[in-house]
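Please keep the sequence and the model in view while reading.

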Amino acid sequence: MDGAIEEECRAISILEEPGTTCWGCGFHILVPSFTTVFKCGWCGAITNQNPRRHGIGRPRWKYVRDRCLVVVLLIFMLLVICGGVWAVYPVVFSISFSRGVIHCTVTTILSVSTIASFSFAAFRSPGAPPIIPWGGYPLVGKGWLENYSFCVYCSKPKPPRTHHCRSCGMCVLDMDHHCPFIGNCVGAANHRSFIIFLASAVISTIYACIMSIYAGYRVWPPLASLSLHHVTRPGADSGLKVVKDVVVAFLNSAVLLSPRDVVLVYLFIASFSVEIGLSVLLWQQLRYIYKGKTYLSQLSSPEEDNIGDGGCRNLLRFFGCPYFASAFRTFFSRKKVMTSEVGNCKRRD
């Protein structure tokens, strides 16, 4: 009788201890009162008892803003493409018909690839996490929700490296960032399209700069007022006078520019400025892919990792080359084994 009373009192004391319920499997977990985040020992789910909740739903004004910016960028790209073709093709065709055909072919390929990859990145879903069973022990097995957390906005499990975007109103798998220029998040489903768009846009702007310089060199009015007699006089004043003469000569000749020539000047300025910004963004994205991270994961762990040559397999895997990625991993694993064996032989000697 005393043993039964003792067991009942022990059960009551356990129930009175501080604890909470795991959202994944429903088991009651005993945790200290000061613990806000804990991991379930059965299913592996991570529970946050004090989640920050800034609002629910997708703001309508953000959706309208993103879509308007996408439309503006599409119009800008079409204007640059049409204006470049209109300004460059008479010059190229006047030199050679074959060069004109080559220029039109290259322009068509770059234009189609840029606009198509931009559309895929902007209008394709960034990647929603898979729907898995949760909430009770019969449905959830041991380790099924390892490192999963619970999204208070979507009210469903959130896999690792998944973040909720309040602008898109959804959880995004392998979310890199929300890009307002494509009006969409960059995630697992459209990250490759986003990188292809950046690469295609950089190549297109470089080609536009080269062709605008080439055409402008042939149609620019002669610099009749340019005088370089100051070059023969050494000194700082002579250099400044030369620069002044060149600038004045270009300004005087710019008055004689035709509308086609003005379009060429604008094409060069716009392409060059866009090329610089997109090149920096493309380099940053490829660097994160090489390291096996995303922009958000880099912010959460900003310390630099020691990355060897094996990081290139992340690029191969990202661009859909699993065979080369596995061969790359096998090569470097063998190289490490051979290096360790050589080191052991030297120690023995």
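**Overall make-up**

The model is predicted. The protein chain contains nine helices and ten strands. It has 349 residues, of which 33% count as buried. Among contacts in the protein chain with a separation of 6 or more, 59% are between residues 24 or more positions apart.

**Salt bridges**

Side chains of opposite charge can pair when their charged atoms come close. In the whole structure, three salt bridges are found. They are listed below.

| Salt bridge | N to O distance |
|---|---|
| Lys39 and Glu146 | 2.5 Å |
| Arg65 and Asp66 | 3.0 Å |
| Arg161 and Asp174 | 3.4 Å |

The salt bridge between Lys39 and Glu146 ties together parts that are 107 residues apart in sequence, because Lys39 lies in strand E3 (residues 37-39) and Glu146 in the loop between helix H3 (97-123) and strand E5 (149-151). Lys39 is partly exposed, at 42% relative accessible area, and Glu146 is partly exposed at 37%.

In the salt bridge of Arg65 with Asp66, Asp66 is buried, with a relative accessibility of 0%, whereas Arg65 is partly exposed at 36%.

The salt bridge between Asp174 and Arg161 links distant parts of the chain, 13 residues apart. Asp174 belongs to the loop between strand E8 (170-173) and strand E9 (177-179), and Arg161 to the loop between strand E6 (156-158) and strand E7 (162-165). Asp174 has a relative accessible area of 28% and is partly exposed; Arg161 is partly exposed as well, at 40%.

**Aromatic pairs and the nonpolar patch**

A pair of aromatic rings is described by the distance of the centres and the angle of the planes. The structure has eight aromatic pairs. One of them joins Phe268 and Phe272: the ring centres are 6.0 Å apart and the planes stand at 15 degrees, so the pair is stacked. Both residues lie in helix H6, four residues apart, which is about one turn of the helix. Phe268 is partly exposed at 32% relative accessibility, and Phe272 is partly exposed at 43%.

The rings of Tyr288 and Tyr295 have their centres 6.2 Å apart and their planes at 50 degrees; this pair is therefore tilted. Tyr288 is buried, at 7% relative accessibility, while Tyr295 is partly exposed at 31%. Elsewhere, ring pairs connect Trp23, Trp134 and Phe150 into a cluster.

Phe268 and Phe272 also belong to a nonpolar surface patch of about 620 Å², together with Ile213, Val265, Ile269, Ile276 and Val280. Helix H6 (residues 259-290) contributes the largest share of this patch, with six residues. Ile213 is located in helix H4 (residues 191-219).

**Cysteines**

A disulfide is a covalent bond between the sulfur atoms of two cysteines. The structure has zero disulfides. For Cys165, the nearest cysteine sulfur is that of Cys185, 3.2 Å away. A disulfide requires the two sulfur atoms to be within 2.5 Å, and Cys165 is in no disulfide. Cys165 is buried at 4% relative accessibility, and Cys209 is buried at 6%.

Technical notes. Residues numbered from 1 in each chain as written. Predicted model: local features only at pLDDT ≥ 70, side-chain atom pairs only at ≥ 80, totals over all residues. Heavy atoms only, no water. Patch = residues over 30% accessible without salt bridge, like charges linked within 9 Å, V, L, I, M, F, W, Y side chains within 5 Å. Areas by Shrake-Rupley, 256 points an atom, 1.4 Å probe, with all protein chains shown as cover. Salt bridge = Lys/Arg side-chain N within 4 Å of Asp/Glu carboxyl O. Helix = DSSP H or I, 4+ residues; strand = E, 2+ residues; numbered from the N terminus. Buried < 20%, exposed > 50% of the residue type's maximum accessible area, 1.4 Å probe, protein only. Contact = heavy atoms within 4.5 Å. Phe/Tyr/Trp six-rings, centres within 6.5 Å; stacked < 30°, edge-to-face > 60°.
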